[in-house]
Amino acid sequence: MRPSAGNRATARSGRGAAGAVIALAAALMAVVSLLPGAAAAGSGLSAPTAGMPVATSIGKGEGKLDLIAWEGYAQPQWVKPFEKATGCQVSAKYAGTSSDMVSLMANGGGGQYDLVSASGDADLRLIYGGDVRPVNLNLIPDWKNFQPFLQNPSFNTIAGKHYGMSFEFGPNVLLYSTKVFKTPPTSWSVLYDKKYAGQVTVPDNPIQIADAALYLSKSQPKLGITDPYELTQPQFNAAVALLKAEHPLVKKYWDLASQEISLFQSGTTVVGAAWPYQTNTLQADKAPVAETIPREGATGWADTWMLATKAPDPNCAYMWMKWVSTPTVQAQDALSFGETPGNRLACPIMNKLSKGSCAAYHANAPASYFTTLKFWKTPLVTCDNGKNSCVPFQNWVTAWTQVIG
Amino acid sequence: MSTAAIREERSRGNGMARISAALWRRAWLRATLTLTPPLAWFLVIYLASLVLMLVTAFWTVNPFTNVLEHSWSLANVNQLFTSTYTTIIARTVEMAAIVTVTDAIVALPFAYYMARVASPRVRRILFTAVLLPLWASYLARVYAWIVILQKGGTLSWTTSKLGLGAVNIGYTNTAMWLVFSYIWLPFMIVPLYGALERIPDSLLEASGDLGAHAWRTLRSVVLPLALPGIIAGSIFTFSLTLGDFITPLLVGGASSQFIGNVIYSNIGTANNLPFAATLALVPIVIMTIYLLGARALGAFESL
């Protein structure tokens with residue numbers, strides 16, 4: 001098994017960390033909008049670094065590059081050739097959780113760090129905290145080859161300004177035993193079905209409430225859920241109630257990808273929420289499992305390389321973004337980590353490295369597949385409608401503790 | 001050498017001698033100088049951080065801005081007494097107690113055999129066998145248990161071969177109880193062995209001479225004398241279970257959260273340090289009560 005997956009799992013479970021900075025910014029915005037003559041509400045939130053000039057060309061390398069990354073994002077396989085080609089010596093600091101990343105990046109990276117591989121739930125905190133600065137993606141030739149939905153995603157692009165380069169992502173899929181399900185389940189409802197009592201597994205992560213909300217948005221349209229990360233108190237309560245009802249059916253709330261793999265391998269569980277990594281590892285071991293994205297759609301996550309406001313080595317940073325966006329590195333990264341590359345040209349290389357892996361990780365899926373994905377973002381008290389009527393992430397964590405008791 | 005140089009040399013020697021003499025005369029000064037560095041370490045690193053935690057427990061995090069607010073509040077303590085957390089605390093304490101009792105029951109005959117029956121050679125072998133698992137990583141041993149207990153695992157395979165049917169206790173609190181009892185067993189055997197070894201043979205002989213059966217001797221002579229050893233061992237098994245969060249995470253089921261797991265998720269995921277600190281006070285309070293009880297029962301006399 002790939003070592004990064006276990007670490008990834010711990011990182012992921014800690015990853016929905018609360019949006020301290022952005023929530024603060026949201027509160028400030030609320031105050032500011034009350035002042036006479038203040039900017040119109042709505043998009044009143046502004047990134048402190050929005051006005052910073054972006055590079056128009058990549059200059060000479062500074063000879064070094066300091067990264068904050070998820071473990072596995074700086075493997076010798078592609079770091080060594082990069083160092084050789086650019087002369088930028090890479091040192092990577094691995095973060096355990098999104099909270100770690102945000103605190104390491106405090107004060108614009110402190111003049112120490114250049115890039116951070118932040119996840120969707122940390123991006124806005126970094127942007128509104130002024131810790132990252134806009135980048136010029138025209139300097140990244142492979143950018144035009146990226147999946148269209150990763151070119152301007154709302155979690156790292158604001159008012160047309162890019163605060164980083166999204167590069168790899170993954171969906172949260174429905175994993176099931178093909179022995180039990182002769183035809184693929186078409187709805188997430190199987191996770192809440194008493195028929196599978198004691199044979200269900202879901203991630204131990206408060207963000208799982210969004211998965212319940214996504215299901216409710218279709219099964220109970222009366223609740224009026226439009227965004228699973230922006231829930232009013234009644235919507236939130238309904239999602240939590242659903243998860244509490246699910247609790248007796250759950251065998252194990254998994255924390256590590258390896259746990260879910262062994263649960264399905266031994267046949268302890270027959271249905272659960274998973275990443276493609278688990279499916280692929282299990283199928284490689286000839287376990288009778290398959291995955292699907294049910295008709296309600298699915299949640300997902302995406303990581304972004306973001307440039308620190310005080311990056312001491314901006315040229316090497318741009319060279320790195322250029323390097324990791326090339327099809328070869330995208331394919332290597334995707335396979336070593338167990339995720340999907342953003343670059344559409346990575347597909348044939350993935351297949352060359354590991355037969356059939358492109359389709360296994362959905363790198364060649366049609367656009368309709370990706371539009372079903374709702375990417376992670378930190379739940380804030382401020383909803384899109386500008387009202388402070390949504391449940392903030394801290395309450396998600398408390399509710400999750402009650403759910404898993 | 002000039003006289004001046006000699007005088008200087010002598011006076012320097014006198015200086016050292018004077019310091020040494022002063023230290024020799026004042027025992028308190030000697031003790032102070034020797035103890036200050038470790039004591040300062042203890043005060044600054046250990047106690048200060050504990051006090052900091054205690055203070056943090058009474059702060060709060062603003063639910064809307066998620067900023068730490070340095071104002072005194074009992075909100076965290078109140079939250080602690082809601083059913084979610086009392087259930088988790090009760091589960092943790094209950095498991096710690098059951099594991100302790102299990103280990104005491106398993107360890108007593110084992111330690112008795114080692115201390116009073118086995119030949120020195122067998123005793124050495126048994127001692128090695130008891131301590132050997134401690135050489136392997138905690139995680140490796142927990143993972144081994146996952147393989148044993150899971151569906152279609154070693155245990156289930158064995159029982160179904162014996163015609164007893166499959167036993168599926170993987171990912172349950174029963175599995176946690178087994179793993180904890182196994183992992184902490186050496187910490188019960190060693191102090192218990194120490195206590196049993198110290199019982200004079202003459203007492204057992206006297207008990208027999210006065211007509212007591214083996215059971216009566218065990219109950220009235222051996223057990224009371226072994227009690228301090230059991231309590232000393234129970235401090236280890238109880239506190240180690242109380243503070244663990246890896247075994248619940250790896251072998252526990254859907255309702256296996258321990259205090260440690262909630263602390264972990266409050267720090268790592270929620271960024272709610274004050275509530276994590278409040279939760280961390282719970283094991284401290286429980287262990288304080290436990291240790292006071294243990295002292296009353298004379299556990300520390302045999303340490």
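## Strand 12 of chain A

Both faces of strand 12 of chain A are covered, with Ala298(A), Gly300(A), Ala302(A), Thr304(A) and Met306(A) buried on one side and Thr299(A), Trp301(A), Asp303(A), Trp305(A) and Leu307(A) buried on the other. The model described here is predicted.

## Partners of strand 12

Strand 3 (residues 115-119) of chain A runs antiparallel to strand 12 of chain A and is joined to it by five bridges. Here Ala118(A) has Thr304(A) as its bridge partner.

Strand 14 (residues 373-375) of chain A runs parallel to strand 12 of chain A, with three bridges between them. In this pairing Ala298(A) stands opposite Leu373(A).

## Strands 8 and 9 of chain A

Strand 9 (residues 250-254) of chain A is largely enclosed by the rest of the structure, because five of its five residues are buried. Strand 8 (residues 200-203) of chain A runs parallel to strand 9 of chain A and is joined to it by four bridges. Val250(A) is the bridge partner of Val200(A).

## Glu83(A)

Glu83(A) lies in helix 3 (residues 76-86) of chain A. Glu83(A) is partly exposed, as 16 other C-beta atoms lie within 10 Å. Leaving aside residues up to four places away in sequence, Glu83(A) touches Cys88(A), Gln89(A) and Val90(A). Trp320(A) is 237 residues from Glu83(A) along the chain, and their C-alpha atoms are separated by 9.5 Å.

## Domains of chain B

The domain assignment of chain B gives domain 1 (3-56) and domain 2 (75-302). Taken over C-alpha atoms, the centres of domain 1 of chain B and domain 2 of chain B are 43 Å apart.

Note on methods. Residues are numbered from 1 along each chain as its sequence is written. Chains are lettered from A and ligands numbered from 1 in the order in which they are written. This is a predicted model: local features need pLDDT of at least 70, side-chain atom pairs count only at pLDDT 80 or more; totals for chains, interfaces and linings use all residues. Domain bounds come from an automatic or database domain assignment. A residue is buried if 20 or more other C-beta atoms lie within 10 Å of its own, exposed if 12 or fewer, and partly exposed in between; C-beta atoms are placed from the backbone. Helices (H or I, at least four residues) and strands (E, at least two) are DSSP runs, numbered from the N terminus. Two strands pair if DSSP finds at least two bridges between them. Two residues are in contact if their C-beta atoms, placed from the backbone, lie within 7 Å.
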